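Subject: Structure for you to look at

Hello,

Here is the structure I said I would pass on.

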Amino acid sequence: MFKQLGNWFIEAIKETLNLSWTLVGLVIATLTLTGSAQQVTGLATILTLAIWLLTIGFRK
Amino acid sequence: MLRLCLALFLIIPTPAFADEITEVETFEGGNGEQVTDIVVPPTENNNLVIVENTWEAYGGMDNYHMSLEHSKHGGTSNDYEFVLPTDHDVYEVAFTIGAMNNQGSVQYTHNDDTTQTNTIDAQNGMNMNTMYEDIVYSVKNTANKFIDKFVITINDWSLLDNVEIKYEGTTTTTLDPLTVQRNANFASYGILETDNEKGIRIEEEEIVIQELIIIEIQEAIEVGDNMAITGYSETDEERVIREELTNVVIVVGDEEVTYNEKEQSDGTIDRDQERSINEELYGVALTDEQIERGDLELYDVKIIDEDIYEEQEFVNDADILDIEFIELEDEEYIELIEEEIKEIDLELYEIELFQDDIIIDEVDWIKIRIENDLFPPTEEEIKEDLIEVQDELDETLHGDDTKREDELQDEEVLVEQIQDFEDKDTIKGIFDTEEVIELTEKEVAIEVAEIKEVIVIEIEIATKEEIEDFTEEELVEYEEAKEEAIQEYVEDLTEEEVVEVLEEVNDIGVQNLSEASEEVQEIVQAVVEEAIQDVAQLTTEQVEVVAEVLQIKTEDVELIAESVKDDEVIAEAVEEYIERAVANKDVENYTLADVVTEISYESFIENPIKTFVDFNNLGDITIANIGDDMTNDQKEKAQEVVVPVILTRIISMAAFVFRRGNV
């Protein structure tokens, strides 16, 4: 189980790196927004990233 | 005369009541010398009489004493005579004799030649301390009998000391001459002093008088000088006190200058400010009047005409066109016959035909124009004329002249153009355009000076040199004190005063505040914060002024005021808006949204996670109201940034997929 977790962790890092440009765009968008828009964008970014990483295996 | 009599009375000795006088020969006049005029047995060439202090240990002997029958014990006796002073009537004699082992005698001789002999008992067997006797002989109770001398007869070495005689003497009182002077002067003018003291006193009084005269002269000079300078008849001390109450401190350039009452009313302040402004502009501290009369030439400074704004008078059109208005009087009317009129090319002469001047009934102008092929115009001519008119309209109405139509434009189009014109002619329109009204350096300096006039605050400002010499603690204290003074000043401002300051800021432009001092910038910043806090109490016009400062729309001011309470980033942006706008004066269109973005970025760098997880009233957010709490300015900025980023990402993704598909 730890090995699977370790493998997943490595895959997650790879995926995050693949998403670098996308994340940069979303971070910039979050910083330029204020108020509710900023909160929603930030929350959406985190949730989407989390779902993306958690579904690595499913998407393969 | 009184003084003389008194002095003589005091100087002349006056007899006093008789007193008993005692003289004691102690041989303590130095080395055994006598202290009285009692004639004692001679010591020269006399081994039997010595004055010494060898046997002072014996009782009754005090230091020096006389030694009789010196070193002789027994044998024949010898007489030792003591002769008393003849100027005294001695009635009592006393002496101390000691260390006398053998009996002796003493014979007193009186003034009546009678004698009295008494025995002196031997003192053997006594110890040294008690081996003495005080012999006293008195004839006081015998009237007119006195003692002239006495003779001691002994044959044993004996010691003698403290030969005492008593007699009645008359004492004379002689006053001290100084006391005489004091008493005389006191009797004369009431001051108890000697003549010398009087002289000293008079000298001191003269010195004091001279000093008072000098002081009065100095005061008179001060009063005269101050009268010429200030117009008030006052000493320097009085002037300091008055000026403390009436002087004002005004910031001229970067310095604080104190102006007295006279300078406040004679235009010195205005001239100093002009000098300061002109020094910034031309490098020479001259007043506007001096510049107008050409003093800059003395310093080899030339003014470029473009920098000078001069009001230009409207030129009379007649001067340009040089039209001669000919007033035709009745007799000057030229009556033309029909044939002559036909021959005239009216267009060439551009003659305007006034119906009043010409008998219309007799001229058929339409016919004339038709015959001259001037009427009706051809379609081409009509089009050309319409195009000209349209161009003229485009130029005057600033409309969109890229759109040309052959047909006349509908009313709607014209209305739109008019509306566009109206929009662009308002404040909103101005901010919508990219053109910014740039002020010349002189105008900026004038506006900065006007801001300084509006901001009247008493605050201690240290020079750059003083700040450099401050320790860290002193610097902190200085900054805190300055900040406190600014806060107090701003809190005391009314809404009208706040808006007045902001209007002056708008005149110069926020980013041009870099020309003002740091303290003015801090004050303006505090005023902006105060305006945002009190926005609910401002009128619509005042809110517009605040909006202009922040370079946002009027309806967004309240939004900002609400956001400041909840959003730390926006609150910090408002606090630092002026400072950052001044720092980014070279950045075009630098607004509050840029400041918000910068602060968001800085907080993200500091704590990235917090930026994404800082949720505030998340439950109140709905799809319909997302972004309602953003200002229009912020939305535009976000569009400018987000859209290109997203597009870039989409394009890069598409290219990636395309490449993968071709592999």
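**What was found**

In chain B, 61% of the contacts with a separation of 6 or more are between residues 24 or more positions apart; contact means heavy atoms within 4.5 Å. The model is predicted, so local features need pLDDT of at least 70 and side-chain atom pairs count only at pLDDT 80 or more, while totals for chains, interfaces and linings use all residues. Residues are numbered from 1 along each chain as its sequence is written, chains are lettered from A and ligands numbered from 1 in the order in which they are written, and side-chain values use heavy atoms, with hydrogens and water left out.

Chain B has 25 helices and 10 strands. These are DSSP runs, numbered from the N terminus: helices are H or I with at least four residues, strands E with at least two. Of its 663 residues, 30% count as buried (under 20% relative accessible area; exposed is over 50%, partly exposed in between; 1.4 Å probe, protein chains only).

**Strands**

Two strands pair if DSSP finds at least two bridges between them. In chain B, β2 (residues 49–52) and β3 (residues 65–83) are antiparallel, with four bridges; Glu52(B) is opposite His65(B) there. Strand β3(B) also runs antiparallel to β8 (residues 147–169) of chain B, through 10 bridges. One of the facing pairs is Asn78(B) with Ile154(B).

**Cores**

A nonpolar core is a set of buried Ala, Val, Leu, Ile, Met, Phe, Trp, Tyr and Cys residues joined through side-chain atoms within 4.5 Å. The largest has 51 residues, and Ile455(B), Leu502(B) and Leu513(B) touch the most other members. Among the elements that give two or more residues to this core are α15 (441–454), α17 (472–492) and α18 (495–508) of chain B. A second, separate core has 30 residues, including Tyr80(B) and Ile147(B).

Leaving out residues up to four places away in sequence, Ile455(B) touches Tyr489(B), Val501(B), Val520(B), Ile523(B) and Val524(B).

**One loop residue**

Is Asp295(B) buried or exposed? Asp295(B) has a relative accessible area of 14%, so it counts as buried. It sits in the loop between α7 (288–292) and α8 (317–321) of chain B. Beyond residues up to four places away in sequence, Asp295(B) touches Leu286(B) and Gln290(B).

**Chain A**

Phe2(A) is in helix α1 of chain A. Its relative accessibility is 73%, so Phe2(A) counts as exposed.

Regards
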